[in-house]
Amino acid sequence: MFNEAPEVEGLHPRTNLGAMGRSPLSRDRSGHTRVGMCNLYSLTKGQAVIRDWFRAKYDRTGNLPLFPSIFPDQFAPIVRNGADGERELVMARWGMPAPPQFDGQPVTNIRNLNSPHWRGWLGKNRRCIVPATSFCEYADTKPRKTPTWFALSEDRPLFAFAGLWTPWRGVRGPKSAPVQGMHELFGFLTTEANAIVAPIHPKAMPIILTSPAEVDRWLEADMPDALALQRPLPDDALRIVARGEKEDAPP
């Protein structure tokens, strides 16, 4: 395993992403290999289900496909409070701006909310939820690590990660096709692993919201109340549903 950076986890160097951002490995500043945090998830429910479950008044995503695999630096749907206070479903690129000492490497997972770097993005206008149906961690098997998928149940019901988003100007995308200009970026929060995730990934797991009340709380509550959601999902609410593939197709 790797040593967590003091400000962030889930750094994902653009140089290691490849054309589709698919590497589960990165290297820390000392050159040691780091096993990626939650750097792969799926969303395999239809557009209308997503829109209705999260009560998004506006859908700005166009014709939304299913996503059996979502990797860092790719576009994925998020739900946020729009300028008029109504919820909107939009597309954003996965990976928040990193603290300056990390050389601009995108941050997919956010743990240390006491960091000054994240404090300005904790207000209601920068919170979002990230719809998902499963997420992947890599079991430390030999000769290769094994993708291991977690979901609420075998039928992959919809849930959400508690996330942050921001507009940002710069270069994103793979090195082979960089995109210069304005981007809307997102990342999601993590916490300590529960007993289901810990045998595969002992360091952390995403913050998972499973009810409309939790989604409302994350998007609308004052900061102390919203941040109380940074806790592991109960052990009996999560299970391993697949192993071995870098995607989780609909059951």
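A charge is taken to sit over a ring if NZ of Lys or CZ of Arg is within 6 Å of the ring centre and within 35 degrees of the ring normal. In this predicted model, Arg 172 lies over the face of Trp 168, at 5.9 Å from the ring centre, and the charged end of Arg 126 sits over the ring of Trp 165, 4.4 Å from its centre.

**Aromatic pairs**

The structure holds 11 aromatic pairs. In one of them, Tyr 41 and Trp 94 have ring centres 5.0 Å apart and planes at 80°, so the arrangement is edge-to-face. This pair links distant parts of the chain, with Tyr 41 in strand 4 (residues 41–43) and Trp 94 in strand 8 (residues 87–94), 53 residues apart. Phe 161 and Phe 188 form another aromatic pair, which is stacked, with 4.1 Å from centre to centre and 25° between the planes. Because Phe 161 belongs to strand 13 (residues 159–172) and Phe 188 to strand 14 (residues 179–191), this pair ties together parts that are 27 residues apart in sequence. One aromatic cluster is formed by Tyr 41, Trp 94, Phe 135, Phe 150, Phe 159, Phe 161, Phe 186 and Phe 188.

The relative accessible areas of the residues in the two pairs are set out here.

| Residue | Relative accessible area | Class |
|---|---|---|
| Tyr 41 | 0% | buried |
| Trp 94 | 0% | buried |
| Phe 161 | 0% | buried |
| Phe 188 | 0% | buried |

**The loop residue Thr 133**

Thr 133 is placed in the loop between strand 10 (127–132) and strand 11 (134–139), and this residue is buried, with a relative accessible area of 0%. Leaving aside residues up to four places away in sequence, Thr 133 touches Ser 42, Leu 43, Thr 44, Lys 45, Phe 150, Ala 151, Arg 156, Pro 157, Leu 158 and Phe 159. Of these contacts, Thr 44 has its backbone nitrogen 3.1 Å from a polar atom of the Thr 133 side chain, while the C-alpha atoms of Thr 133 and Phe 159, which are 26 residues apart along the chain, are separated by 6.1 Å.

**Cysteines**

A disulfide is a covalent bond between the sulfur atoms of two cysteines. The count of disulfides in this structure comes to zero. For Cys 38, the closest cysteine sulfur is in Cys 136, at 7.7 Å, which is too far for a bond, given a cut-off of 2.5 Å between the sulfur atoms. Cys 38 is buried, with a relative accessible area of 2%, and Cys 128 is also buried, with a value of 0%.

Technical notes
Residues numbered from 1 in each chain as written. Predicted model: local features only at pLDDT ≥ 70, side-chain atom pairs only at ≥ 80, totals over all residues. Heavy atoms only, no water. Helix = DSSP H or I, 4+ residues; strand = E, 2+ residues; numbered from the N terminus. Buried < 20%, exposed > 50% of the residue type's maximum accessible area, 1.4 Å probe, protein only. Contact = heavy atoms within 4.5 Å. Polar contact = N/O pair within 3.5 Å; in protein donor to acceptor, adjacent residues only side chain to side chain. Phe/Tyr/Trp six-rings, centres within 6.5 Å; stacked < 30°, edge-to-face > 60°.
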